[in-house]
Amino acid sequence: MLLTNATLATMTGGNAYGLIAEGAIAIEGERIVWAGAQADLPSAYSGFHSKDLGGRLVTPALIDCHTHIVAGGNRAREFEMRLQGANYEEIARAGGGIVSTVKATREASEDTLLADALAKVDALIAEGTTLIEVKSGYGLDLETELKMLRVARRIETVRPIRVTTTFLGAHAVPPEFAGQDDVYIDTVCIPALRAAHAEGLVDAVDGFCEGIAFQPEQIARVFDVARELGLPVKLHAEQLSNLGGAKLAASYGALSADHIEYLDEDGVAAMALAGTTAVILPGAFYTLRETQVPPIEALRKHGVPMALATDANPGSSPLTSLLLTMNMGCTLFRMTPEEALAGVTRNAALALGAPDCGTIEENKRADLAVWDVSQPAELAYRIGFNPLHQRIFGGRA
């Protein structure tokens, strides 16, 4: 296939957005074999089946690099509670929050969890998404953690989308282990990680390093096992306080540190040195009505790549729109539209350790989004509007 008469936002650097006016893309199989100015098209590709895009914008397909999209039930009642004055920590300590979703997830069948997840996946696909990350972490026992990961693997068998899975057993302490955090880590979390890895269900390992979850030394024990198993790590860090989670993650060469509202400059510098991507999650900030913004300027100063993601989950971010996420990143955190688009393409790929996508260039997957817009900034500018004209997944429209 040969896509012609298009404006390309290649996201490869150089000028803003890596923009190429009057561009073309040659696709063979699942791969891009050439992209550039149409006037420079090599004759070898002139015989490809041609499709005129009418001057539309083409970007890399979108990537959601942080989701909890497999989960039981919803927490609309807690949404009401927060509006009545309860905060995230108060709800969690009262037995709500993550724990209430754990109960619903344990009780749900695989088929029920899959059906619920697919409704959210379809919303992301409709906005041009071709790759998502899905975490466990609402089981908090061996059987349910494996069930969640099996469901995550099933998604890509019934939808045209790629899925990477992340083990998040260190998400919260279940009620049956109240006050026994270390016992839970040693007798449930780590054995579940080993079992999930043995079953081929895990691509990465995550944890929640926070006062209402786990301390850095407890996360380190989980990360030591991940390292032993050859699995990359990432971390929910500095969302509600600064426990040094991002520094810990960086010390393990983490793919990403996520949330990071309370991250200090030392933590930013550690991430820069380790090549760890910052994943910015404005949906949770918005839903929880937080006021502490992530250190965007410090991340820019130190050259830390910034990804954006929905954090789609039942409690703190019931968000399934990457386009709205882009707008939130700009409006709430003063990211630029170019940073926002990079955040859901090139840098999101970095956060997942997925080097085969996220930009438009030779040898990358032909995962593309064609938009009815006149300039890339429109993607972050509009609110509640989806200008997707066509999604191309692995070279197939």
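**Entry 1: the second largest pocket**

I began with the second largest pocket, and its volume came out at about 460 Å³. I kept in mind that this is a predicted model. I listed 26 lining residues, and those nearest the centre are Ala92, Arg93, Val99, Val173 and Ile212. I then asked which helices each supply at least two residues of this lining, and found α1, α2 and α3 (98-107). The largest share comes from α2, with four residues. Sorting the lining by class gave me 14 nonpolar, seven polar and five charged residues.

**Entry 2: the largest pocket**

Next I turned to the largest pocket, with a volume of about 540 Å³. I found 29 residues lining this pocket, and Phe79, Arg82, Thr287, Leu288 and Gly315 are the closest to its centre. Two or more residues come from each of α1 (76-83), α2 (88-93) and α10 (282-287). Which element gives the most to this lining? I noted α1, with four residues. By class, I wrote down 14 nonpolar, nine polar and six charged residues.

**Entry 3: the annotated positions**

I looked up the UniProt record, an unreviewed entry, and under "binding site" it lists His66, His68, His236 and Asp311. These residues are spread over 246 residues of sequence, yet I saw them cluster in space, with a largest C-alpha distance of 12.3 Å. Of the listed residues, I found His68, His236 and Asp311 in the lining of the largest cavity.

I picked out His68 and found it in the loop between β6 (62-64) and α1. Is His68 buried or exposed? I noted a relative accessible area of 3% for His68, so it counts as buried.

**Entry 4: helix α9**

My last stop was helix α9 (residues 265-274), where Gly267, Val268 and Met271 are buried. Why do these three lie on the same side of α9? They cover an arc of only 100° around the axis, and I took that as the reason. I reminded myself that an α-helix has 3.6 residues a turn, so residues three or four places apart point the same way.

On the face turned away from the buried side of α9, I found the exposed residues Asp266 and Leu273. The cover over the buried residues of α9 includes α8 (245-251), β11 (256-259), β12 (277-280) and α11 (296-302). Following the chain onward from α9, I reached Gly275, and its phi is positive, near 75°.

Definitions and conventions. Residues numbered from 1 in each chain as written. Predicted model: local features only at pLDDT ≥ 70, side-chain atom pairs only at ≥ 80, totals over all residues. Heavy atoms only, no water. Buried < 20%, exposed > 50% of the residue type's maximum accessible area, 1.4 Å probe, protein only. Arc of directions from axis to C-beta. Contact = heavy atoms within 4.5 Å. 1 Å grid on protein atoms, 1.4 Å probe; cavity = no way out; pocket = protein on both sides within 12 Å on 5 of 7 lines; lining within 4 Å. Points joined across faces, edges and corners; volume = space filled by probe spheres on them. Nonpolar A, V, L, I, M, F, W, Y, C, P; charged D, E, K, R; others polar. UniProt positions renumbered as here; feature names shortened; annotations may be inferred.
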